[in-house]
Amino acid sequence: MIKWIGLAALPLLTLMPIGCRRGNNKNAKLEDVAANDEVARYMKAFEKKGEQPDGSKPVAPQQALALFRLPADLQINLVASEPEIAQPVFLNFDQRGRLWVVQYNQYPYPAGLKVTSIDNHDRVTFDKVPQPPPLGEKGADRITIFEDTDGDGHYDKSTDAISGLNIATSVALGRGKIWVLTPPYLVAYPDADGDGSPDGPPVVHLRGFGLEDTHAVANSLRWGPDGWLYGAQGSTTTANISSAASQNVSFSGQAIWRYHPETHVFEVFAEGGGNTFYVEIDRKGRIFSGDNGNVRGFYFKQGGYYTKNWGKHGALTNPYAFGHLPNMGLSGDNQRFTHAWLRYEGDNLPDRYRGAMIALNPLHGYVQLTDFVPNGSSFNNIDKERILQTSDRWFRPVDIKTGPDGAVYIADWYDSRLSHVDPRDTWDKSSGRIYRLSSPSGGEPVRPFDLGKLTGAELIPLLFHNNRWFREQALRQLGDRKDRSLLPALTRILTTDTGQNALEALWAINISGGFNDSIARTALLHHDAYVRMWAVRLLGDARTVSPAIGVLLADVAAHEPHPEVRSQLASSAKRLPAAIDIAIVRNLLLHYDDSADPDIPLLLWWAIESKAESDREKVVGLFADLRIWRRPTVKQTILGRLMQRYTMAGGDDNMLACARLLEKAPAKQDGLLLIAGLQEGLRGLAPAHMPLRLETALQPYRKEMDDGSPSLAIRQGGRKALHRAVTLIADPRENIGKRLAYIRVMGEINQPEVIPVLLRLLDNETSSPALLIASLQSLQHYEDPAIVRKVLEIYADKLRAAPDTREAALNLFASRATWAALFLENVGNGKKIHADDVPVAVAQKMAGLGDPVISRKIGALWPGTRLATSTEKNEKIAAVTRLLQTGKGDQAKGQLLFAGACGSCHRLFSNGGNIGPDLTGYDRSLSGDLLRNIIDPNASIREGYAYYHIVTTDGRHITGKITGRQGSVMKIQPLGSEEITLGPQQIKEMQPMAGSVMPEHLLDALTPQQLRDLFSYLTRPTDR
């Protein structure tokens, strides 16, 4: 047994001298990284950013251990620390219980590569692609094995299994190989005897993982129970993966992926999610990963699409996804979390931890205990308590695993900084720790063992071990051997046993090569829901099934009571031939109402969408059954999306499919749902040709289209419809909602006839603010000098008084350079417009129009738009810090100041806007980066809040963020305006903004006491 030394024996808490010593891990010098002067200047500009401003220092390992606070039913021990390890990023245990540690010392820049450019998200481009090991430049990354040879509780031996790696994030063992994820490659070193020492050079299995951000590269390699190797990719890298069997599998940003080591097939398992830097697989084979926000993470369904920052991370690979699955809902601590957590299923910790989430928060330096609560086919999370806290600000837990002893092991990056916004290599490469969380008794002894030496018959009982770690290791050993002589014994367990034992037996049968139609039938009819779920999953993985199994799958879909099994049926249907796919979908729709489930409705849509064109007849034929039309999921999720799918794809066959669907609609309300999808599909696209059959099918809906679908009515009705629309807009007796809808449409389509009508509305004192704002926003679409002249004429008397209409008018002036120039001629003392009318954000927007004359005038009129120098910012930070250390602020007054200065853009404690990040979950202490980010908002732009400068083909300049993508069509949320849709033919230029839309100098207007008040509110602890 490893007798871990605890707090009672602090003087003994040292790692015994062992054979491996960490190499000289040097920080990369700027001249070694920058390929040109522009990159060098950019890096130098980050001086003093990304550091801890509180001057905290590292604490010796023994002292750091004493600083931890934890419940009485846990104890913590130090397992390893510097100088033996530094920057540990990944932990694993082999079949002998030895601890493997990936030391990420080369981070952040690969050796031998130079940075040729850095974008506004700190993603870099290198001058070349590194060669796979052992070729090319040697890096500082290493994979080290720690071993307790005599069972006395000390790791008394360590060995560098592999060194000289150049960006290595994780390691897995199996199939006679050591698998190393070293982007852009997945390589496998031969290790036939499993001793941890490679028998020869590695073989490249995958190539093409991106290196744009080594904070988010491919990571977290691990075996799934199905015999695939699973991994994750973070949000700010791209991938174009090829293997011996798969070529050019491309995706951008975050994803869960997998690779089969025998078939050599690579595929994306699920796309989107948080900034995925972890993969967890629980005892039922569910796949999870953490988030990079204020929730705990995602339960990834096969073939699912999840949320992304569409501007920063790129579009989904499926342009017709039309939605994404949600994260697991959270009730609890609203602190920002990142990535790594495990679902505890070991046998060491007390019972209250079993099945719960143990989550790492490296940003705030604590470990959270969170419960899972079923929510249909997914889960919600409820935070219970923080089970590990410390005052040591260097504590950065980044990886967590259960060991063979059932204890929980935590890798501590141990550094004063965690933010990667600073592109300079200022990381502390001399420190790192590994801790062990266990019950106070330490748990039952684990004698020295080697699972590799057990026979197959001896491995089978380990499939039922109380510690999931042993079950996973036994399964991996069986997968290595593929001993078919074990199949009869495993089949008996599957057919006679219950619960987890039967599921483990099914996995073992599959991984041993024994999964066939007979086993599939037994599993599909099994009384355990998760055996049925995995039977469906394994059948779908094959992408084809026998006719008899296809019929059985459809029958299971008609009678399956468990939502997770129905969820997998929908996922697997997408992978199967159309006849089986549609049969499964039909029965799931007809026999269950899963419309309120968080995942199943969209999974069903994606199963249908996957065959929308390849098997159009079968998809349209699904709606020949009148019962289908009555199902809630069909009405809420399927009809509109299917019509939108065909409309966006275009072509006669797809438009005729739209007509056939309309002809089949059994009720007018069903037809209107289809028409709404048709209209949505036309947004942002050039006018589509409508076959006569579709025009005929639309005729019964003419009145409703005029009332509720103005865009489609105008497109389909021609000049007569346009005349009706213009007349309706001008008529004050018409319903205001209908008038607003038509005005907004006029901002999407090119109909200059509406300009005089909208200008008259602006000059009409009876026009409501809503009509004024909608008209001002739609008029931006038209390049007509009469517009700016009229708005300038009426600005002071008609538009200035109300803040909303004033902002809409100012945004109109800022939308075109010629309009902004004319506007600026009227700004100043004694002129029509007061300079104080114009917010700094609007002035900055005008300065970004690309006209040097305008930029000079902006600088003269609004000095606050000038960017402060690095020296000025640092002096301001120091001055405010000194001020806040004296006197006391009033939180109530600070809340009012926040509402006026910050609340229009940021939320705090559930109040405020959404232009910028919700501040509640961030480190808002003065020792964090709060003050620096206020004074220097351009230093770090939180993902999800990057804005773009867009120039349209009609001459508009738009500043906004991407809120959605549907293929090449984008939804844009402009600053100060309603969401718009732009198609590719409408966009002339589109560039990410180099800086934040948050202006500098926000604090300059505040008195010393107001500063104290504001920060007393900003730094108030989150209510918990």
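**Sheet and cavities in a predicted model**

Author: In this predicted model, six strands form an open sheet in the order β8-β9-β10-β11-β14-β15, with antiparallel pairing.

Reader: Why is one side of β8 and of β15 left without a neighbour in the sheet?

Author: β8 and β15 (249-252) stand at the edges and each has a single partner strand, so one side of each has no neighbour in the sheet. From one strand to the next, the twist averages 20°.

Reader: What makes β9 and β10 a pair?

Author: Two strands pair if at least two bridges are found between them. Strand β9 (residues 177-182) and strand β10 (residues 185-190) are joined by six bridges and run antiparallel; they therefore count as a pair. Opposite Lys-177 stands Pro-190 in β10.

Reader: How many cavities of 30 Å³ or more does the structure hold?

Author: There are ten cavities of 30 Å³ or more.

Reader: Which residues line the largest cavity, and which of them lie nearest its centre?

Author: Its lining comprises 35 residues, with Arg-222, Trp-223, Trp-469, Glu-472 and Gln-473 nearest the centre. Helix α6 gives the largest share, seven residues.

Reader: What makes a residue of this lining count as charged?

Author: Asp, Glu, Lys and Arg count as charged. The lining of the largest cavity divides into 15 nonpolar, six polar and 14 charged residues. Arg-222 and Glu-472 belong to this lining, and both therefore count as charged.

Technical notes:
Residues are numbered from 1 along each chain as its sequence is written. This is a predicted model: local features need pLDDT of at least 70, side-chain atom pairs count only at pLDDT 80 or more; totals for chains, interfaces and linings use all residues. Side-chain values use heavy atoms; hydrogens and water are left out. On a 1 Å grid over the protein atoms alone, a cavity is a set of points where a 1.4 Å probe fits but cannot get out, and a pocket is an open set with protein on both sides within 12 Å along at least five of seven lines; lining residues have an atom within 4 Å of a point. Grid points are joined across faces, edges and corners, and a volume is the space filled by probe spheres set on the points. Helices (H or I, at least four residues) and strands (E, at least two) are DSSP runs, numbered from the N terminus. Axes are lines fitted to C-alpha atoms, for helices over the stretch in contact, and angles run from 0 to 180 degrees between N-to-C directions.
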